[in-house]
Amino acid sequence: MGSEQQFKSIKGTRDLLPEESTRVRSVETTIHDVMNRWGYGEIRTPAFEQTELFTRSVGEESDIVTKQMYTFSDQSGTSLTLKPELTAPVMRAYIEHDMARGGALTKLYYIDDLFRQERPQKGRLRQFRQFGAEAIGSPHPEQDAEIVALVYTILTEIGLDDITLHINSIGSDNSRNVFRHALVEFLTPHKSDLSETSQRRLQTNPLRILDSKSEEEQKLLKNAPSILDYLDDDDRAHYEDVKHFLERMNIPFAENKMMVRGLDYYTRTTFEITSPNVGAQDALCGGGRYDKLIEDLGGKQTPAVGFAAGIERIMLAMEQGDEDSDQKAPRVYVVAAGDAARNAVLKLTMDLRAEGISADFDSLRRSLKAQMREANRLSASHAVIIGEKELAAGTAQVKTLVSGEQDTWPLKEISSNLSSGQV
Ligand code: HAM
């Protein structure tokens with residue numbers, strides 16, 4: 001009987017065991033491939049930043065800033081925060097390294113771990129992984145469309161087909177200010193029917209009421225004014241062009257005028273991609289345009305648009321498909337028939353690995369029979385057996401495990417024969 005385990009992973013965090021890591025890594029390889037093909041360069045930023053970077057960008061009233069940040073003071077009393085999102089850190093780096101110097105358009109992507117103290121549930125963690133991209137420098141609708149197409153392509157290449165793209169425009173400041181007035185005017189007579197949070201938001205950030213999860217509030221909002229009716233001519237033309245470019249690229253979308261997103265930095269285009277297969281937390285991806293953020297963070301006025309997608313939710317959506325176990329098995333299992341062969345077994349394993357062939361051996365000193373059983377359990381394609389006779393002759397028995405065929409090969413030729421597929 002073991003004693004009770006003393007240490008457990010923290011609520012909302014999880015370990016990735018080898019089988020799952022292999023699956024995540026294969027998804028991440030596709031992400032790197034597509035990003036490189038599309039001309040996006042990888043950026044990696046530190047795990048924590050000055051707290052004010054997030055309060056200034058994501059917004060004082062946002063859920064992230066009011067209740068989800070992991071904030072702490074370091075020894076010098078500076079307030080630091082584990083990054084809850086990456087757009088602000090990437091813009092901080094863009095300004096700090098004067099990346100605008102590299103050209104009028106800068107395209108960056110990332111794959112990274114983030115931290116939000118949310119209530120954990122399926123698809124919602126406290127440490128989670130995102131990949132995302134930011135296109136910095138273009139105000140034009142084709143750039144919005146390219147960013148949407150980029151994430152859409154990645155999700156499709158990963159093998160997700162049952163996904164829905166929702167888009168909206170929340171306009172620039174001018175349009176939004178006029179709309180905000182109209183919305184407050186509409187909601188004020190119904191104030192007492194609103195939840196406490198929505199009543200507070202009526203003062204601080206009325207647009208956020210639009211994506212309320214409450215059924216009653218959604219019923220009330222059916223008759224609310226629509227942001228799309230308040231877009232000025234430029235905002236409207238931009239929105240129409242984004243949709244037009246998406247159509248030209250054959251990317252299906254649904255317009256969703258209630259979608260305002262939970263972060264404060266957006267202007268004009270906002271979008272999300274959802275999957276019906278992942279439960280209540282159905283957003284795989286969120287993004288949009290943020291033409292004022294860089295200026296708000298102390299840089300030059302620079303338009304930008306981007307997205308981020310949650311890798312755990314993507315893995316959940318993929319699990320609904322076929323459960324293909326992609327366990328990393330060694331191709332070759334090197335077997336010692338007797339103690340005298342141990343040195344030669346270790347050396348051959350190392351030589352095969354150095355040649356790029358995945359190989360493993362038994363460090364438990366088990367019997368020949370047990371080693372052969374292990375080779376089968378690991379689904380190795382070949383067992384290479386060295387005994388006293390082979391040692392003396394400088395050879396090994398190479399057994400193809402599926403067919404049971406067995407041959408004797410000079411040790412020196414094993415790696416090249418395996419590489420060329422001769423055995
Ligand atoms: P976000 O909507 O907060 O946007 O997050 C993007 C995605 O990250 C979500 O759609 C979801 O898949 C995943 N995600 C968020 N929170 C969690 C969680 N607690 N557990 C698991 N997955 C989660 C942003 O972060 C923006 N920075 C996106 C962006 C980039 N906008 C412009 N550029």
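Visitor: How many of the residues of strand 14 are buried?
Guide: Strand 14 covers residues 382-386; strands here are DSSP runs of E with at least two residues, helices are runs of H or I with at least four, and both are numbered from the N terminus. Buried means under 20% relative accessible area, exposed over 50% and partly exposed in between, with a 1.4 Å probe and protein chains only. His382, Val384 and Ile386 on one side are buried, as are Ala383 and Ile385 on the other. The count of buried residues in strand 14 is therefore, by this definition, 5 of 5.

Visitor: Which pLDDT do local features need in this model?
Guide: Residues are numbered from 1 along each chain as its sequence is written, and side-chain values use heavy atoms, with hydrogens and water left out. This is a predicted model: totals for chains, interfaces and linings use all residues, side-chain atom pairs count only at pLDDT 80 or more, and local features need a pLDDT of at least 70.

Visitor: Which residue of strand 15 is the bridge partner of Ala383?
Guide: Two strands pair if DSSP finds at least two bridges between them. Strand 12 (residues 332-336) runs parallel to strand 14 and is joined to it by 5 bridges, with Val332 as a partner of His382. Strand 15 (residues 395-400) pairs with strand 14 in the antiparallel sense over 4 bridges. In strand 15, the partner of Ala383 is Lys399.

Visitor: What distance separates the centres of domain 1 and domain 2?
Guide: Domain bounds come from an automatic or database domain assignment. That assignment gives domain 1 as 18-172 + 232-317 and domain 2 as 331-419. Taken over C-alpha atoms, the centres of the two are separated by 49 Å.

Visitor: Which are the edge strands of the open sheet of 8 strands?
Guide: The pairing in this sheet is mixed, and the strand order is 1-5-6-11-10-9-7-8. An edge strand here pairs on one side only. The edge strands are strand 1 (41-42) and strand 8 (254-255).

Visitor: Which residue of strand 6 is the bridge partner of Leu114?
Guide: Strand 5 (residues 106-115) pairs with strand 1 in the parallel sense over 2 bridges, and Glu42 has Tyr109 as its partner there. Strand 5 and strand 6 run antiparallel and are joined by 10 bridges. With 8 of its 10 residues buried, strand 5 is largely enclosed by the rest of the structure. In strand 6, Leu114 has as its bridge partner Phe128.

Visitor: Why is strand 11 largely enclosed by the rest of the structure?
Guide: In a regular strand the side chains alternate between the two faces of the sheet. Ala304, Gly306, Ala308 and Gly310 point one way from strand 11, Val305, Phe307 and Ala309 point the other way, and all are buried. Strand 11 is largely enclosed because the number of its residues that are buried is 7 of 7.

Visitor: Which residue of strand 11 is the bridge partner of Gly286?
Guide: Strand 6 and strand 11 pair in the antiparallel sense over 7 bridges, and Glu134 has Gly306 as its partner. Strand 10 also runs antiparallel to strand 11, with 5 bridges joining them. The bridge partner of Gly286 is Ala308.

Visitor: How far does a polar side-chain atom of Glu118 lie from a nitrogen atom of the ligand?
Guide: A polar contact is a pair of N or O atoms within 3.5 Å; within protein, one must be able to donate a hydrogen and the other to accept it, and residues adjacent in sequence count only if both atoms are side-chain atoms. On the backbone side, a polar atom of Leu284 is 3.1 Å from an oxygen atom of the ligand, and a backbone N or O atom of Cys285 lies 3.4 Å from an oxygen atom of the ligand. For the Glu118 side chain and a ligand nitrogen atom, the distance is 2.7 Å.

Visitor: Which strand gives the largest share of the shell around the ligand?
Guide: A residue is near the ligand if one of its heavy atoms lies within 4 Å of it; of the 27 residues around the ligand, Glu85, Glu118, Leu125, Glu134 and Tyr266 come nearest. Strand 6 (127-136), strand 10 (283-289) and strand 11 (304-310) each give two or more residues to the shell. The largest share, 6 residues, comes from strand 10.

Visitor: Which backbone oxygen does the side chain of Thr55 reach?
Guide: Thr55 lies in helix 2 (residues 51-58). Its relative accessible area is 17%, so Thr55 is buried. At 3.1 Å, the side chain of Thr55 reaches the backbone oxygen of Glu52.
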